[in-house]
Amino acid sequence: MAVIEVEDKIINIVNNIDKDEFIYEFLKVYDIPNATITKLRKGVNNLSKVSNEVHLKNKLYFKFVNNSVFEAFVEIEKKANDSSSNPRYLMVTDFVTILAKDTKTGESLDIQLQELPFHFDFFLAWNGIEKVDRERENPLDIKAAERFARLFDVLNKEVDSDSDKERHALNLFLMRLLFCLFAEDTAIFSKGQFTNGIKQYTEEDSSDLNEYLAGLFRVLDLRSRDDVKAIYRNFPYVNGQLFAEPHKPIIFSKKARQLIIECGELLDWSKINPDIFGSMIQAVATEDNRSHLGMHYTSVPNIIKVINPLFLDNIKQQFKEIEDSWNEAFQQANLGKKKILDIRNKHLSRLTDLSQRIQNMKFFDPACGSGNFLIITYKELRQLEIEIYVLMNEISGAQMLVYEPIVTLSQFYGIEIDEFASDIAKLSLWIAEHQKNLELKQAVTEAVRPTLPLKAAGDIRCANALEIDWLECCPHEPEDEIYIFGNPPYFGHSLQNSIQKKEIRDIFKGVKGNGYLDYISGWFYKGAQFIKNTKGEMAFVSTNSICQGEQVAVLWPELFSLGINIKFAYTSFKWNNSARKNAAVYVVIIGMSNTELKKEKKIFDDDSSKIVDNINAYLVEGENFIVEDPGYQISKLPSILFGNKPTDGGGLIFSKDEYEDAISLFPELKKYFKSYVGGKDYINGNSRSVLWLAYEDYEKVKNNPIIINRIDLVKKFRLSSDTKSTNKAAEFPYAFKQISPIYKNKLRKTNLISIIIPSTSSSNRLYVPMGTFDKFKTILSNSAYGIYDAPLWLLGILESRMHMVWLGTVGGRLKTDYRYTSLVYNSFPFPDISKRKKNEIRDCMLEILDIREESGKSLGDLYGSPRALKNPKVMDENLLKAHQILDGVVDKIYKQSDFKNDNERLEYLLNSYKTVFMKGEI
């Protein structure tokens with residue numbers, strides 16, 4: 001149930017009070033089953049037998065009284081303590097006031113009954129939402145967004161979706177409405193001034209609402225109050241261009257007017273979080289995101305991961321050094337060792353230098369959305385500003401100080417393609433500014449910073465960031481301290497629309513392989529160009545796909561060629577939002593600066609970090625180089641071969657039923673069929689057959705009716721193709737278009753095995769299911785790779801964690817799936833190992849194969865659903881243990897001491913690859 005539905009239901013209960021039914025109706029609002037409430041009403045599960053008391057086990061102890069609420073509360077609290085039921089909530093009312101207590105958190109309520117709807121979140125534990133979730137999620141933000149969504153839906157029905165003017169008028173009105181609602185709850189306007197004006201001066205049918213709003217908005221843009229109507233005269237001058245454009249009439253219904261009034265009367269806008277609320281309001285106007293209100297915004301801790309190592313840690317450290325130095329020097333001065341005045345002036349001078357440094361910084365998010373990153377950055381810097389002022393006060397003693405603004409909105413820049421989102425970003429920054437102004441006044445009384453008139457942000461531009469010149473939006477000089485950051489859109493190459501693909505091709509014009517690049521690559525390249533030969537630095541959140549597979553060889557040489565290097569990196573982690581039921585993806589954070597700046601380089605992994613000499617494109621310590629496919633296995637192991645490609649229109653492939661029907665009619669055809677297996681077939685245990693004919697075989701059976709029909713299908717399919725090579729293949733319709741070299745000569749018998757590797761597998765599995773097959777009886781499709789005549793210990797290494805780490809980095813992705821290619825196998829560094837170690841790995845692999853066979857399940861079931869999200873619990877327990885034993889054995893052939901994590905494994909493998917490369921063996 002939506003948050004405002006909960007609130008509205010409680011409003012209805014309070015406004016239509018039925019003392020006998022009150023508590024049952026109240027419980028219905030939350031996730032208490034109807035059957036439970038019915039039994040409670042009948043007294044079946046009411047643990048209290050006292051009149052006017054309701055005691056529901058583990059949920060509630062309630063009492064209705066006509067006299068002292070407090071005495072009754074003390075009474076039921078004692079009863080609850082003596083009871084084994086342990087009710088979550090205690091609640092007493094005389095239907096004028098309510099006393100309630102959460103027995104788990106110790107929180108209590110002492111309110112008027114009419115206030116109960118505004119405290120609906122107090123009881124959300126009944127819905128499984130604990131206090132920590134409520135604080136993190138802030139139901140007020142969600143409630144405001146949901147109420148706003150109701151209003152938007154009513155107004156949007158009357159808007160011509162094809163009219164840019166009408167859409168713009170609605171967006172502008174919503175922006176102004178939000179500001180006015182916030183202003184009347186935060187002392188920018190008088191309390192309730194905007195909402196009461198609508199109630200008092202407009203008709204209920206809203207027929208004159210446009211006229212009233214047009215007059216009000218015009219006045220809010222005027223400095224003078226001469227000749228202003230009395231109903232507007234007490235409103236302040238706002239400026240900031242928010243009310244400069246005349247109000248365009250909107251179709252307001254009676255319901256729309258009422259919803260506007262409810263937004264003002266039922267919400268406390270002073271408690272809105274601008275960084276979170278802005279994202280929710282943006283979602284209101286986007287139907288696809290509507291169901292995710294409160295479930296999609298970026299959490300503050302994740303934004304801090306970007307801005308801390310980029311610049312915030314540095315300036316905070318500078319402040320802390322001044323603070324510590326002052327404390328130490330002041331103590332020494334008190335001991336008579338130094339002159340106090342000199343110490344004061346020295347430290348005030350250092351604080352002034354830091355303040356000037358911060359004043360000259362610029363902050364730029366070229367994919368700013370509704371402004372989350374800019375707002376959090378602004379709030380963090382304003383908090384530091386307050387700390388600087390407080391320390392200045394302490395240091396100055398009795399001196400009079402002039403509190404010049406250190407952080408202003410003019411330092412903040414953004415680009416956002418969506419007009420409404422860019423407007424919300426500006427509004428949210430104004431809201432954040434006012435909130436911090438109030439905090440500043442509370443901390444340092446003399447440092448008053450008026451919010452009005454509004455100050456313009458540096459430039460929040462509504463534009464396509466990949467088409468606009470960033471210097472137009474955020475001009476800067478080479479010596480400027482400017483920081484670019486954000487969370488640009490990802491979109492793998494297969495998910496981009498034609499316009500997005502063209503944008504990337506234009507940016508990377510002439511770069512071979514640019515069609516494989518993720519959409520976010522455009523931001524990295526334009527950002528690198530923007531900070532080239534300057535003091536500027538940048539950091540973006542990205543899916544780790546830009547540091548994997550084919551993209552590395554396409555993107556990173558272009559970035560490095562601009563004289564840019566990686567300053568810091570967070571290796572893959574879960575990018576959560578702040579909501580209780582959040583969706584998340586695995587991402588990396590990459591910070592970059594100019595090579596000449598010689599910045600300290602740091603890699604963050606989980607909760608730890610380490611300083612390194614260089615961070616390469618794979619986000620591990622090491623030199624800048626790209627893993628390449630030499631065309632053969634670098635450790636001189638058997639070759640990997642792509643499967644066989646039929647290009648037959650289904651003519652040569654038989655389902656299980658088709659095969660059985662064919663050989664029942666013509667048993668003589670059986671010897672010309674082989675098992676046909678692709679990657680998905682192998683993983684899911686599916687069975688197909690293929691008609692596998694050499695020319696001599698075809699001559700023998702070409703008059704068979706099934707053969708005639710199937711060959712005709714193949715020929716027609718190939719001739720209908722627009723590809724010349726496929727047309728040419730119609731000359732031999734009895735055979736696959738592309739056949740693996742192993743089958744072009746006579747197969748020889750050996751004591752070795754053949755290995756099948758699916759070309760794609762879900763990245764949510766811990767291991768890619770690989771295995772063995774009979775090369776005489778089975779043909780691999782083009783969705784699998786084969787390694788023929790190989791030792792079993794080789795399969796063991798390929799199924800190890802070491803190889804999975806290499807695959808995850810070098811192989812890249814097909815959408816989100818692992819994508820196995822010859823590059824992965826050929827570039828993988830196998831160490832020279834003894835026969836004893838080979839036998840040990842072989843035995844581990846035999847155990848894995850035995851567990852698979854004995855289970856009778858498909859590999860897909862054994863290794864977990866593609867939705868497993870790398871959860872070991874969904875993988876067969878015995879199989880997982882066997883794999884972990886194998887991992888330990890394989891790890892030891894690379895490094896005697898244990899690897900701390902996968903990043904250390906990858907670093908070791910890359911260095912091993914680089915060693916072979918440097919020897920000239922590739």
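Reader: What makes Lys-436 and Glu-439 a salt bridge?

Author: Good place to start! In this predicted model, the closest N and O atoms of Lys-436 and Glu-439 are 2.8 Å apart. The cut-off for a salt bridge is within 4 Å, so the pair qualifies.

Reader: Where do Lys-436 and Glu-439 lie?

Author: Both are in helix α15, three residues apart, which is about one turn of the helix.

Reader: Why is Lys-436 called buried?

Author: Its relative accessibility is 6%. Buried means under 20%, so Lys-436 counts as buried.

Reader: What makes Glu-877 exposed?

Author: Exposed means over 50%, and Glu-877 has 55% relative accessibility, so it counts as exposed. Lys-881, at 44%, lies between 20% and 50% and is therefore partly exposed.

Reader: Which parts of the chain does the pair Glu-385 and Arg-449 link?

Author: First, the contact: their side chains form a salt bridge at 2.7 Å, N to O. This pair links distant parts of the chain, with Glu-385 in helix α14 and Arg-449 in the loop between α15 and β8, 64 residues apart. Both residues are buried.

Key: Residues are numbered from 1 along each chain as its sequence is written. This is a predicted model: local features need pLDDT of at least 70, side-chain atom pairs count only at pLDDT 80 or more; totals for chains, interfaces and linings use all residues. Side-chain values use heavy atoms; hydrogens and water are left out. Helices (H or I, at least four residues) and strands (E, at least two) are DSSP runs, numbered from the N terminus. Buried means under 20% relative accessible area, exposed over 50%, partly exposed in between (1.4 Å probe, protein chains only).
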